[in-house]
Amino acid sequence: MKLTHLPVELLRYILGLKNNDHLDINTFITIRQGKTGLIKLTEIYRTLESELAMVEEGLESAIDLDVPLLYETSTHLLKAGGKRIRPLFVLLSGHFGQYDRNSLIKIAIALELIHMATLVHDDVIDDALTRRGEMTVKSKWDNKIAMYTGDYIFSKGLMIVTEFSVPSVHRMLSNAIYEMVKGEIEQIKDLYQTSISLREYFRRIKRKTALLISVSCELGAAVSGATPKTTALLRKFGYYVGMAFQITDDILDYVGTEKELGKPAGSDLKQGNITLPAIYALCHSERRAELHRWITLKQIEDNIGEIIAIIRNSGGIEYSRKMARRYLQKAKVCLNQLADIPAKESLLNITAFIEERNF
Ligand code: IPE
Ligand code: IPE
Ligand code: MG
Ligand code: MG
C-alpha cells in the first residue's frame, strides 16, 4: 500500500525520521494521528513532489563539506525535518505567473536557509534545548558555534540569491531580514514587560515572522513574472497568513506538547516572552494582579503551573484563536481575487492547516 504517493525519502525529511527509522504505513498513521493538519500539508506536498525533492537536494548541497564542523551543525538541523512551509509558499505563488521552475526552486532553497538560520539564532536567544525533535545547535554544541552556524546558513542562503540580477529581489529579502532582526531585538527588550500592548505584540510578530512568509509569496510571484497586482495580492496574503502562523505558534506554546511540537511547550513565558494569550490574561483574568506580580518579579518558574492555568482559564487562548482566524479570513479575501488555478486550492489548504495545526 502506498503511503501518500509521495516519495518516501521526501516524507522522511519532512517528518524528521532518522536514518534507521523505518517508514511504513503504521508509522505514518501513528505520526498522522499525532499531527493535526498533516494530511492537508501532505496533499500540498504531493502536488509539488518533484520540486520539493529538488529543494531538499539543493538544501543539502548548499552546505559545504569542506568546513566539517559547520557541515555537521547545519546538517543536524537540516536532517531533523521541518514543515518546509516557506518553500511551499514560494512554489505555489509561482503558479500565478509563468512558473519559472528553476528560479522558484532557488528562491525556495534560499528562503528555507534564511529561515533555518534564524531558528539557530532564535534558539540561542530563547535558550531552547530542542528544535524539530532534536537537540538545538546551541545545546548539542554551544552558543558560539550556534552563532556562526546561523551566520553560515544565512550566508549560504544569500549566496544562492546572488544569481538573481533584479535589484528588487535583494531589496525585498534584505528588508525582511532587517525587520526580523528588529522583531527579535524588540522581543528581548519587551521581556517581562507586563504593560506590552496588543499593538506592540502585532508589530513584533509582523517583523519576526509575517514578513518572511509575505516575501516568500511575493518573490515566488515576482520571479515568475506575475503581474504587479497579483504579486501585491500574494504579498498581502502572505502577510496575513504569516501573522496567523505566529499567533498559532504562540497558542501552541500554551496548549501543545513537546512531542507534537518537537520543541518544548510552555517556554515562552518561562523566558519572560509575553505573547497574545498572556497579554489577554493580563488584561482580563480575574487573577490578573497575581499574574502581573509573578511576571514582574520574575517568579514565573516557581509558579508556572498556576500561571498557565490562569492564562488558559482567562479566555486568552480562545481570543488568540479568534485573532488567528480573523487574519486567515483576510488572507482568504486576497486569495479570492486571484485566478482560479489549482495552486489557489493549495494555498487555501495551507490556511486550513494553520487554523487546525498542532505542530
Ligand atoms: C518556527 O517556524 C518559527 C516561527 C516562525 C513560528 P516553523 O514552524 O515553520 O518551523 P519548522 O521549519 O517547521 O521547523
Ligand atoms: C519565531 O518565534 C522565531 C523566528 C522568527 C526566528 P518563536 O521564538 O516563537 O519560534 P519558536 O517557537 O522558537 O519556533
Ligand atoms: Mg523561539
Ligand atoms: Mg514559539
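This is a short tour of the predicted model in your viewer, stop by stop.

Before you click, note that residues are numbered from 1 along each chain as its sequence is written, while chains are lettered from A and ligands numbered from 1 in the order in which they are written. Because the model is predicted, local features need pLDDT of at least 70 and side-chain atom pairs count only at pLDDT 80 or more, whereas totals for chains, interfaces and linings use all residues.

**Stop 1: helix α7**

Select residues 101-125, which form helix α7. Helices (H or I, at least four residues) and strands (E, at least two) are DSSP runs, numbered from the N terminus. The expected span of a helix is 1.5 Å times one less than its number of residues. For the 25 residues of α7 that gives 36 Å, and the end C-alpha atoms are 36 Å apart, so the two agree.

Now look at how covered α7 is: 20 of its 25 residues are buried. Here a residue is buried if 20 or more other C-beta atoms lie within 10 Å of its own, exposed if 12 or fewer, and partly exposed in between, with C-beta atoms placed from the backbone.

**Stop 2: the loops on either side of α7**

Select Y99, in the loop between α6 (85-94) and α7. Its phi is near 45°, a positive value in a residue other than glycine. Y99 counts as partly exposed because 18 other C-beta atoms lie within 10 Å.

Then go to D127, in the loop between α7 and β1 (130-131). D127 is not a glycine either, yet it has a positive phi of about 55°. With 13 C-beta neighbours inside 10 Å, D127 is partly exposed.

**Stop 3: the two ligands**

Which residues are around ligand 2? Select T118, L119, D122, D126, A128, K208, T209, D249 and K263 to see them. A residue is near a molecule or strand if its C-beta atom, placed from the backbone, lies within 6 Å of it. α7 and α11 (198-223) each supply at least two residues of this shell, and α7 gives the most, with three.

By class, the shell around ligand 2 has two nonpolar, two polar and five charged residues. In this scheme Ala, Val, Leu, Ile, Met, Phe, Trp, Tyr, Cys and Pro count as nonpolar, Asp, Glu, Lys and Arg as charged, and the others, Gly among them, as polar.

Next, find ligand 1, surrounded by G82, K83, I85, R132, T209, Q246 and D249. Its shell divides into one nonpolar, three polar and three charged residues.

**Stop 4: the nonpolar core**

In soluble globular proteins, nonpolar side chains tend to be buried together. A nonpolar core is a set of buried Ala, Val, Leu, Ile, Met, Phe, Trp, Tyr and Cys residues joined through C-beta atoms within 7 Å. The largest one here has 94 residues, and those with the most contacts inside it are A108, F237, Y240, V241 and A244. α7 gives the most to this core, with 13 residues.

Zoom in on A244. Leaving aside its neighbours within four places in sequence, A244 is in contact with A324, Y327, L328 and I354. Two residues are in contact if their C-beta atoms, placed from the backbone, lie within 7 Å.

**Stop 5: helix α18**

Select residues 316-336, helix α18. Its 21 residues should span 30 Å, and the end C-alpha atoms are 30 Å apart, which agrees.

Which residues of α18 are buried? They are G316, S320, M323, A324, Y327, L328, A331, C334 and L335. These cover an arc of only 135° around the axis, so they sit on the same side of α18. The arc is that of the directions from the helix axis to the C-beta atoms. The buried residues of α18 pack against α12 (228-255), α15 (276-284), α17 (304-313) and α19 (342-356). Turn the view to the face away from the buried side and you will find the exposed residues K322, Q329 and N336.

**Stop 6: S285**

Finish at S285, in the loop between α15 and α16 (288-296). Is S285 buried or exposed? With 20 C-beta neighbours inside 10 Å, S285 counts as buried. Leaving aside its neighbours within four places in sequence, S285 is in contact with L291, I310 and S314. S285 and I310 are 25 residues apart along the chain, and their C-alpha atoms are separated by 7.1 Å.
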